[in-house]
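This note is written for a colleague who is meeting the structure for the first time. Please read it with the sequence and the model in view.

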Amino acid sequence: MVKICCIGAGYVGGPTMAMIALKCPDIEVVVVDISKPRIAAWNSDDLPIYEPGLDDVVKSCRGKNLFFSTEVEKHVAEADIVFVSVNTPTKTRGLGAGKAADLTYWESAARMIADVSKSDKIVVEKSTVPVKTAEAIEKILTHNNKGINFQILSNPEFLAEGTAIEDLDMPDRVLIGGRMTPEGQKAVAALKAVYAHWVPEDRIITTNLWSAELSKLAANAFLAQRISSINAMSALCESTGADVNEVAFAVGKDSRIGPKFLNASVGFGGSCFQKDILNLVYICECNGLPEVANYWKQVVSINDYQKTRFVKRVVSSMFNTVSGKKIAVLGFAFKKDTGDTRETPAIDVCHGLLGDKALLSIYDPQVTEEQMKRDLAMNKFDWDHPQHLQPQSPTAFKQVSVVWDAYDACKDAHGICIITEWDEFKKLDYQKIYDNMQKPAFLFDGRNVLNVEEMRKIGFVVYSIGKPLDPWVKDLQVSI
Ligand code: UDX
Ligand code: UDX
Ligand code: ADP
């Protein structure tokens, strides 16, 4: 029986290994992590991440060929294939601070693999890492040559949160990069055989190591670029009276462009896009390519602009001050169908409104009060460290209350900001909400989930990203 061990039981490692276990009953999969609470949660009925369909997959394999453990060294030693899916935060100090990937966790995992291994192993990079990380890892693994053969593969994960199980079940592609040596190609074939249990052969792409590493950064950069492109258009739409949805639809009909990923929003979030682009920017700078670095930097700049622009719309529409006014924030997760808040635009929007002394009442169906308050208290990039996973008591915020019901959040509010596109926000009784709000009642739709005309008919003053402006909003705008 082939044994797989995955180091890191996070958003990538957990679901990916669960799917491998489900599809490959002949393989034993152990997911290990240094975080005891996280492993305990994976072994409980209350999994540490919310992902549609994940519970069923985990329950059908756990205890059979899928295990979660904190005995990191033991399981690594026993494995034939070791996936490494640990965090790679953005460096917050030293060389490359604010851009470069911090490979501390990766390096310590690699050193540990080297120390405990007694048999040949395939080591698979699963978490996104800078290009040529594999080379560094190879050096660490082989530094005290004990006659063990380590083959490094890059097998980046392309799943998106909220659809992780679908994405893993029917991936657009699986990418495996390896050394072009006979041993390297043998390792590629071994990993390919794992995925071939359920993924059609023509969807398993094999490349050299560097192409695989760079493809992951490039794919995320391209996806984020599409969002920044449509978001940049949304600002122009508001100024000209065009409707961003109509523009996106017309543009997306060109088969060379395609319709997906063209939803204008308050800004993209998530653990990958910004981090990977900043990383790409840093790699370009290190390789003497400042023009290329600047090109990609703009994708992040437009995203920051979009979040700031949203806050400015809110404040300026409400007579240039939100001081002491209750504002309902609907949604805190970085997208619907996940409880993940990493780099969520909600953090920046809340900070902006809190800076203007608003009183926030936040509701999200999947995010706890503890999580929201921790996020609002945290420094930039700090979310990507394991200590972030330990339970902590919520920081006191006089201006923030967290509620478990959208109607409660909106009661007596002056304004509502929709930050996450949860389906339930489309189905709320907005007449009832309007009736219980202060007047004029403002509605700021950061996800274009509501029908603007219907909301205006109820009586709301409405701002929706990239839509023709409400005369009220237009008249009161400062320059944005
Ligand atoms: C373009 C648009 O495609 C068309 O829809 C619009 O109506 C007019 O402008 P055109 O300029 O005729 O059409 O040709 P196109 O095939 O788009 O190529 C434009 C340039 O981009 C060419 O120099 C082409 O060589 C280059 N190109 C195109 C690339 O370098 N790489 C590509 O992948 C595609
Ligand atoms: C992304 C990539 O999609 C995935 O392939 C990669 O493996 C990890 O990074 P994820 O961050 O989980 O996945 O979610 P994604 O669906 O890509 O959304 C990222 C952010 O962009 C979210 O905040 C989302 O709301 C936003 N978004 C997405 C838009 O604002 N508009 C869109 O049209 C699409
Ligand atoms: P991702 O979104 O890429 O899956 P996460 O931050 O959700 O990233 O998960 C990474 C996991 O890796 C965390 O649970 C963290 O505790 C774990 N981890 C980090 N370093 C190590 C290590 N050296 N050994 C075992 N687990 C580790």
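1. The model is predicted. The domain assignment of the protein chain gives two parts, domain 1 (2-199) and domain 2 (221-476). Taken over C-alpha atoms, the centres of domain 1 and domain 2 are separated by 32 Å. Domain 1 contributes 22 residues to the contact and domain 2 contributes 23 residues. On the side of domain 1 that touches domain 2, 11 residues are nonpolar, seven are polar and four are charged.

2. The eight-stranded sheet. One open sheet consists of eight strands in the order E3-E2-E1-E4-E5-E6-E7-E8, and its pairing is mixed. Strand E3 (66-69) and strand E8 (204-208) stand at the edges; each has a single partner strand, so one side of each lacks a neighbour in the sheet. From one strand to the next, the twist averages 25°.

3. Strand E6 (residues 150-154) and strand E7 (residues 174-178) run antiparallel and are joined by two bridges. Serine 154 has glycine 177 in E7 as its bridge partner. Helix H8 (residues 182-195) packs on the sheet. The strands touched by H8 are strand E2 (27-32), strand E4 (81-84), strand E5 (121-125), E6, E7 and E8. The direction of H8 makes about 160° with that of E7.

4. The six-stranded sheet. A further open sheet has six strands in the order E11-E10-E9-E12-E13-E14, with parallel pairing. Its edge strands are strand E11 (400-402) and strand E14 (461-464), each of which pairs on one side only. Here the twist averages 15° from one strand to the next. Within this sheet, strand E9 (residues 326-330) pairs with strand E12 (residues 415-418) in the parallel sense over four bridges. Leucine 330 has isoleucine 418 as its bridge partner in E12.

5. Two crossing helices. How do helix H9 and helix H11 meet? The axes of H9 (residues 209-240) and H11 (residues 273-286) come within 9 Å and cross at roughly 115°. The crossing of H9 and H11 is left-handed. H9 makes the contact through Leu217, Asn220, Ala221 and Ala224, and H11 through Phe273, Asp276, Ile277, Asn279 and Leu280. By class, the contact of H9 with H11 holds six nonpolar residues, two polar and one charged.

6. The surroundings of ligand 2. Ligand 2 is surrounded by 19 residues, of which Asn263, Ser265, Phe268, Gly270 and Cys272 are the closest. H9 supplies the largest share of this shell, with three residues. The shell around ligand 2 divides into 11 nonpolar, five polar and three charged residues. Domain 1 (2-199) and domain 2 (221-476) each give at least three residues to the shell around ligand 2.

7. Which residues come nearest to ligand 3? Of the 23 residues around ligand 3, they are Gly8, Gly10, Tyr11, Val12 and Val86. Helix H5 (residues 104-116) gives the most to this shell, namely three residues. The shell around ligand 3 comprises 12 nonpolar, nine polar and two charged residues. At least three residues of the shell around ligand 3 come from each of domain 1 (2-199) and domain 2 (221-476).

Technical notes: Residues are numbered from 1 along each chain as its sequence is written. Chains are lettered from A and ligands numbered from 1 in the order in which they are written. This is a predicted model: local features need pLDDT of at least 70, side-chain atom pairs count only at pLDDT 80 or more; totals for chains, interfaces and linings use all residues. Domain bounds come from an automatic or database domain assignment. Two residues are in contact if their C-beta atoms, placed from the backbone, lie within 7 Å. Ala, Val, Leu, Ile, Met, Phe, Trp, Tyr, Cys and Pro count as nonpolar, Asp, Glu, Lys and Arg as charged, and the others, Gly among them, as polar. A residue is near a molecule or strand if its C-beta atom, placed from the backbone, lies within 6 Å of it. Axes are lines fitted to C-alpha atoms, for helices over the stretch in contact, and angles run from 0 to 180 degrees between N-to-C directions. A crossing is left-handed if the near helix is turned anticlockwise from the far one by less than a right angle, and right-handed if clockwise. Two strands pair if DSSP finds at least two bridges between them.
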